[in-house]
Amino acid sequence: MSWGYTEFNGPHTWHEIFPDALGPRQSPIDVVTSAVTSDTSLRSRPLAWRYVPDNCKAIANPGYCWRLDVNGEGSELVGGPLQATYKLEQFHAHWGPTSDKGSEHTVDGKCYAGELHLVHWNCDKYKTFGEAAGHPDGLAVLGVFLDAGPTDHPELEKIVSLIPSITHKGQTVTVSTPIDPTKLLPENTHYWTYLGSLTTPPCTESVTWILFKEPIQISERQLKVFRSIKRISPEERCNADEENIVINFRPPLPLGNRELRECGQI
């Protein structure tokens with residue numbers, strides 16, 4: 001059986017196949033705000049990004065989420081805790097069965113309805129995403145909390161409208177409408193940052209996390225569409241109640257002796 005989020009193959013079992021999952025630099029974490037260090041040096045190198053909406057190429061169902069694959073040419077993430085230029089590779093989301101849980105990171109124990117991850121790789125030092133993913137400074141992920149509300153998110157709606165085309169695992173569809181990752185980021189860009197890992201197997205400890213404090217709003221209707229995605233291919237059959245991806249978040253892990261820094265107040 002492959003890894004997943006069930007009782008039998010969920011996060012508590014991942015280390016059996018992926019030993020990094022027991023490492024000291026694992027993600028996600030609970031952000032304990034009283035333990036955060038305010039770092040003025042982060043302000044001296046402001047975080048900055050540039051994305052090309054036309055370069056969002058395809059949306060895929062890998063069996064545990066929706067994933068938007070990007071041609072990273074022309075994209076750039078620099079500044080803040082980063083010591084190099086990082087290029088966008090893909091972005092995806094995590095969610096839960098109800099809107100009181102679903103985010104991977106939590107804040108003083110509070111969960112959000114979901115969490116968006118924009119995954120970048122260090123293109124100054126490494127030649128490919130795969131190479132970068134194996135190094136401690138290889139990846140940078142922007143994390144955005146999704147807060148459930150009554151109003152559709154306009155840019156997310158472009159993704160929601162494509163999900164019926166990738167209902168089953170293994171399905172991919174070309175994106176024909178420009179999608180602007182910048183519009184998926186909150187207006188207030190104050191953030192927390194720490195050194196962590198991928199939150200899905202192989203859980204490689206190669207991520208500089210930049211977690212925005214302010215969430216963006218998503219509607220209950222849009223979340224319901226997320227939960228309609230299936231974890232099986234069209235050829236597979238299982239209990240109908242177990243087909244849909246309604247849980248795809250890893251619970252928080254100990255921060256340990258890592259430093260959790262912040263830039264700005266909220």
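The model is predicted. The chain carries five helices and 15 strands. Its radius of gyration is 17 Å, close to the 18 Å from the globule rule for 266 residues, so the chain is as compact as a globular protein of that length.

**Overall dimensions and contacts**
- Along the principal axes, the C-alpha atoms fill a box of roughly 55 × 40 × 40 Å.
- Of the contacts with a separation of 6 or more, 71% join residues 24 or more positions apart.

**Burial and surface**
- Buried residues account for 52% of the 266 residues.
- The chain exposes about 11,800 Å². Carbon and sulfur atoms supply 52% of that area.

**Charge**
- There are 24 positive and 33 negative side chains.
- The centres of the two sets lie 2 Å apart.

**Nonpolar cores**
- In soluble globular proteins, nonpolar side chains tend to be buried together.
- The largest nonpolar core here holds 45 residues. W66, L68, F91, L116, L118, L142 and F226 touch the most other members.
- Strand β7, residues 86-95, gives this core its largest share, with five residues.
- Beyond its neighbours within four places in sequence, L142 contacts L47, Y51, L77, L116, H117, L118, H120, L185, I210 and F212. Among these partners, L116 and L118 are, like L142, in the group touching the most other core members.
- A second, separate core has 20 residues, including I29, V119, A132 and F145.

Terms used:
Residues numbered from 1 in each chain as written. Predicted model: local features only at pLDDT ≥ 70, side-chain atom pairs only at ≥ 80, totals over all residues. Heavy atoms only, no water. Helix = DSSP H or I, 4+ residues; strand = E, 2+ residues; numbered from the N terminus. Rg over C-alpha atoms; globule rule 2.2 N^0.38 Å. Buried < 20%, exposed > 50% of the residue type's maximum accessible area, 1.4 Å probe, protein only. Contact = heavy atoms within 4.5 Å. Areas by Shrake-Rupley, 256 points an atom, 1.4 Å probe, with all protein chains shown as cover. Lys, Arg positive; Asp, Glu negative; His and termini not counted. Charge placed at Lys NZ, Arg CZ, Asp CG, Glu CD. Core = buried A, V, L, I, M, F, W, Y, C linked by side-chain atoms within 4.5 Å.
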